[in-house]
Amino acid sequence: MEIIKEIFSNRILMSGVLGWATAQVLKTLVHLIVNRQFRLERLVGDGGMPSAHSSTVTAVAVSTGLECGFGSAYFAIACILAIIVMHDAMGVRLEAGKQAQVINELINMFQKLGDTEISAEVKLKEFIGHTPIQVFAGFLLGIAMALIFNYAL
């Protein structure tokens, strides 16, 4: 029981969880407003506005700075990891999503031509990366969540 108490009293961890959860809820609402369609998958899915990855790692980095000091090695590690995650979300994962979209279009084209060897179940996830604005929105949300969690809650 003591371990659970320690986990839930870890301000850095809980700040990151709050950043992730808030971004996922906002992402679901943005998808609902833009597409006029509620998709439960958006609550846990990748991609979309704002970036939950960015929000999570930024909240962790800022909370680490607040807790351990912005000159600490812990903050430096959290900050570098946050930069890597955000860069990856805009780069590799965004490009992988674009490639998945093209591959899925090819599969659809082959299916329309009558090739029954390709299954629709093979469809790749297209919504896995983020645009720079989605990452930036997640970054700002992460800062806000860390400040709210560390000063208001």
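Phe70, to start there, counts as partly exposed in this predicted model, at 48% relative accessibility, and the ring it pairs with belongs to Phe75, in an edge-to-face arrangement with 5.0 Å from centre to centre and 75° between the planes. Phe75, for its part, is buried, with a relative accessible area of 17%, so the two partners fall into separate classes, Phe75 being under the 20% cut-off for buried residues and Phe70, at 48%, being partly exposed.

How many aromatic pairs does the structure hold? There are two, and the other one is formed by Phe136 and Phe139, whose ring centres are 6.1 Å apart and whose planes meet at 25°, so this pair is stacked. Both residues sit in helix α6, and because they are three residues apart there, about one helical turn separates them. Phe136 is partly exposed at 43% relative accessibility, and Phe139 is partly exposed as well, with a relative accessible area of 30%.

Let me turn now to helix α3, which runs over residues 52–68 and has 17 residues; from its first C-alpha to its last it reaches 24 Å, close to the 24 Å expected at 1.5 Å a residue. At the start of this helix, a side-chain oxygen of Ser51 comes to within 3.4 Å of the backbone nitrogen of His53, while after the helix comes Gly69, with a positive phi near 100°.

Is Gln24 buried or exposed? At 3% relative accessibility, Gln24 counts as buried, and its side chain is joined to that of Lys27 by a polar contact of 3.1 Å.

Finally, a word on the cysteines. Cys68 is partly exposed, with a relative accessible area of 35%, and Cys79 is likewise partly exposed, at 26% relative accessibility. A disulfide is a covalent bond between the sulfur atoms of two cysteines, and a search of the whole structure finds zero of them.

Terms used:
Residues numbered from 1 in each chain as written. Predicted model: local features only at pLDDT ≥ 70, side-chain atom pairs only at ≥ 80, totals over all residues. Heavy atoms only, no water. Disulfide = S-S within 2.5 Å. Buried < 20%, exposed > 50% of the residue type's maximum accessible area, 1.4 Å probe, protein only. Helix = DSSP H or I, 4+ residues; strand = E, 2+ residues; numbered from the N terminus. Expected span 1.5 Å × (residues − 1). Polar contact = N/O pair within 3.5 Å; in protein donor to acceptor, adjacent residues only side chain to side chain. Phe/Tyr/Trp six-rings, centres within 6.5 Å; stacked < 30°, edge-to-face > 60°.
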